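Please look over the sequence and the structure shown below before reading on.

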Amino acid sequence: MPIASPKQYAAMLDAAQQGDYAYPAVNVSSLVTLNAAFKAFADKKSDGIIQVSTGGGQFASGQNVKDMAFGAIVLAEAAHRLAEKHNVMVALHTDHCQPGKVESFLKPLIAETARRRKAGLPNLFQSHMLDASELPLAENMALSKDLLKLCVENEIILEVEAGVVGGEEDGVDHSDHPAEKLYTTPEDMVAVHEALSGIGRFLFAATFGNVHGSYKPGAVKLRPDILKHGQDAVMAKYGKAAKFDLVFHGGSGTPLEEIRETLGYGVVKMNIDTDTQYAFTRPVADHMFKNYSGVLKIDGEIGDKKTYDPRAYLKAAEIGMAARLGVACDDLLSTGKTLFGKI
């Protein structure tokens, strides 16, 4: 079954760390975007990570329900079934969850995995992200510890963040944060290691100037060397085994050489959402402009059912999104690197 087990997910992360490559972690919010993700990973013979945000989960549950945890469960269950038709390993993850949403999003999802495990079923999600970067580091780590312990009980990996990713995503706006908050210090990275090591496996989203959203090249000032300095500080004090599995957020518009540089510093996961959103919508816009008189019943005409059938443009959207995600696989050097059938 290509949805990774906890053991297989750990092997995926180990392989990326040892091989200096990373997995695209793509946000989905519908069956169409979910299929696009599977198509990209299968076409590129790349293992990967599919993730659901709080807003994506709420959207997937429908406008009458608007339940972020329920929608995430629906998407994850669909992913488990769809994965049976593909021959790559995929892990399921949830994206930024702020402290105020832990009780309504993270804990219900962890509880659902616990329920499944008792019934002899596989984990629903393989990892979850707590984004408590809005809190002082000590409070962030206290909450991270509690959730990591809960995750460990269910063989779930927790992603944590220290430092702030700028910009806006899913209604969370950090665009007014001062620039220095966008860079995690070596001292902060040592503090994260000291707080969480020994409890269980975790991923760490250290920030190095990252900003959510879409920007022209040069607009975002990334400093990948921040990751190197932090890793060096942790390993100097605690040895090579202390090296973090790092996560790259807010990478839209990042030059390829900077993406590749982060791989050497321990990045094993890079989130992709803004670029795939555009790649999904661009073919839809193209379809509407080219078939204007067909998709609209103008001046009493009947239109063209073949062009306003949602399948006509959503097929193109799936293909467009998959193509952009395939570029991410190439950029992150995960293309052709699947553990499917090997573990």
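How many disulfides does the count come to? The count comes to zero disulfides, where a disulfide is a pair of cysteine sulfur atoms within 2.5 Å. This is a predicted model, in which local features need pLDDT of at least 70 and side-chain atom pairs count only at pLDDT 80 or more, while totals for chains, interfaces and linings use all residues. Residues are numbered from 1 along each chain as its sequence is written, and side-chain values use heavy atoms, with hydrogens and water left out.

**Cysteines**

- The closest cysteine sulfur to that of Cys97 belongs to Cys151 and is 11 Å away, which is too far for a bond.
- Cys97 counts as buried, with a relative accessibility of 0%, where buried means under 20% relative accessible area, exposed means over 50%, and partly exposed lies in between (1.4 Å probe, protein chains only).
- Cys329 also counts as buried, at 0% relative accessibility.

**Helix α2**

- Helix α2 covers residues 31–44, and its 14 residues reach 20 Å from the first C-alpha to the last, close to the 20 Å expected at 1.5 Å a residue; the expected span is 1.5 Å times one less than the number of residues.
- Helices (H or I, at least four residues) and strands (E, at least two) are DSSP runs, numbered from the N terminus.
- Among the buried residues of α2 are Leu34, Phe38 and Phe41, and the elements that cover the buried residues of this helix include β1 (23–27), β2 (48–52) and α13 (310–331), with contact meaning heavy atoms within 4.5 Å.

**Salt bridges**

- A search of the whole structure finds 15 salt bridges, each being a side-chain nitrogen of Lys or Arg within 4 Å of a carboxyl oxygen of Asp or Glu.
- Asp330 forms a salt bridge with Lys44, and their closest N and O atoms are 2.9 Å apart; this pair links distant parts of the chain, since Asp330 is in helix α13 and Lys44 is in helix α2, 286 residues apart.
- Asp330 is partly exposed at 31% relative accessibility, and Lys44 is partly exposed with a relative accessible area of 26%.
- Arg115 and Glu112 meet through their side chains in a salt bridge of 2.7 Å, N to O, and they are separated by about one helical turn because they are three residues apart in helix α5 (residues 102–118).
- Arg115 is partly exposed at 44%, whereas Glu112 counts as buried at 13% relative accessibility.
- Asp232 and Lys228 meet in a salt bridge of 2.9 Å, N to O, and, being four residues apart in helix α8 (residues 225–238), they too are separated by about one helical turn.
- An α-helix has 3.6 residues a turn, so residues three or four places apart point the same way.
- A network of salt bridges links Asp14, Arg201 and Asp245.

**Backbone angles**

- Most residues other than glycine have a negative phi.
- Asp299 is not a glycine, yet it has a positive phi of about 50°; Asp299 is found in the loop between α11 (292–295) and α12 (305–308), and it counts as exposed at 76% relative accessibility.
- Leu333, in the segment after α13, has a positive phi of about 65° although it is not a glycine, and Leu333 counts as partly exposed at 33% relative accessibility.
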